[in-house]
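Keep the model open as you read.

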Amino acid sequence: MQPRNMSMSGVVDLAAVKAAQEAKAKAEQARAEAARQGGGGAVSPADLVIDVDEAGFERDVLQRSTEVPVVIDFWAEWCQPCKQLSPVLERLAVEYNGRFVLAKIDVDANQMLMQQFGIQGIPAVFAVVAGQALPLFQGAAPEQQIRATLDQLVQVAEQRFGLTGLTVDPDAEPGGAQQAPQTPAGPYDAALEAAVEALDAGDLGGAIQAYKNVLSDDPGNTEAKLGLAQAELLQRVQGADPQQVRKEAAEKPGDVAAQIAAADLDLVGGHVEDAFGRLIETVRRTAGDDRDAARLRLLELFEVVGADDPRVTAARRALARALF
């Protein structure tokens, strides 16, 4: 089977957007702490390929994925295609020099992980970036296509998640990859965790209030701003009839409220450019309060996606042209 196109580009997963911001913050904290302690956080080449089991999955894959993309190779001793693919992945992990870590999981010994990832056949290759699982490909794919997939992975990890990989030192002692510096809890961690728990429980009003509480004391808190924008978006689309919303937007192109409602649905559905384009066009053909309403909603959606996303950068330029 040929590698499938990865679903990272062109789709906004709201949980992934939040995780991206958290990953950026954690990576920056880890680098700052390492610098403060006089260490560079370098790892040995041996740390780039690791065996992972169910007991160590959270530490070795989920936690590590906040620093570097983790590529997972699901394999078994009896699998002949695995014996062709695994050496290629191991060689590439070393060649990419810390831009990703390869985690090898024996499916016979880790049936629960196999079920959780929905593995139907092996070899199967996934990536975990900032805690988000992404299917890459299944089967012993050609090396050229594997490289293309990995190139896209590390590019997206850097651009959208701020993960620049690990520093590799051939003279470093093995085990360095598991010795990420610990950072102290921030003053708002408990409040932010409460907001996340409210989101997970479907209590959007509670999550919104929790994020607002943080922002009242710390208006520049990036995670709270992102979380608030996400929770408010989810609250706006909750209970909406997608077919009716899109029907009204199509039938009433001049109705600003209809276009704003459709743009919210576009974004939740992962159609980022459609959401931005709809509101930019609305700004272009309106004036006064209607224009302001569309512009302000567009700025709110920028907050959800994240200022570093290239689609936001392009949309900001288009908005400026529409305004001036």
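Arg278 and Asp266 form a salt bridge, with their closest N and O atoms 3.1 Å apart; the term covers a side-chain nitrogen of Lys or Arg within 4 Å of a carboxyl oxygen of Asp or Glu. Arg278 sits in helix α11 and Asp266 in helix α10 (residues 256–268), so the pair ties together parts that are 12 residues apart in sequence. Helices here are DSSP runs of H or I with at least four residues, strands are E runs of at least two, and both are numbered from the N terminus. Arg278 counts as partly exposed because its relative accessibility is 24%, while Asp266, at 4%, counts as buried. (Buried is under 20% relative accessible area, exposed is over 50%, and partly exposed is in between, using a 1.4 Å probe and protein chains only.)

A quick word on what you're looking at: this is a predicted model, where local features need pLDDT of at least 70 and side-chain atom pairs count only at pLDDT 80 or more, though totals for chains, interfaces and linings use all residues. Residues are numbered from 1 along each chain as its sequence is written, and side-chain values use heavy atoms, leaving out hydrogens and water.

Across the whole structure, a search turns up 17 salt bridges. One of them joins Asp73 to Lys104, with the closest N and O atoms 3.4 Å apart. Asp73 belongs to strand β2 (residues 70–75) and Lys104 to strand β3 (residues 101–106), so this pair links parts 31 residues apart in sequence. Both Asp73 and Lys104 are buried. Elsewhere, Arg91, Glu95, Glu143 and Arg147 are joined in a salt-bridge network.

Now back to α11 and its partner. How do the axes of helix α11 (residues 272–285) and helix α12 (residues 288–305) meet? They come within 8 Å and cross at roughly 160°, with axes fitted to C-alpha atoms over the stretch in contact and angles running from 0 to 180 degrees between N-to-C directions. That makes α11 roughly antiparallel to α12 (the label applies over 145 degrees). The residues in contact (heavy atoms within 4.5 Å) include Phe276 and Leu279 of α11 and Leu298 and Phe302 of α12.

Arg295 is also among the α12 contact residues, and its side chain meets that of Asp292 in a salt bridge (3.7 Å, N to O). Both lie in α12, three residues apart, about one turn of the helix. Arg295 counts as partly exposed at 24% relative accessibility, and so does Asp292 at 34%.

Notes. Parallel < 35°, antiparallel > 145°, perpendicular 65-115°, else oblique.
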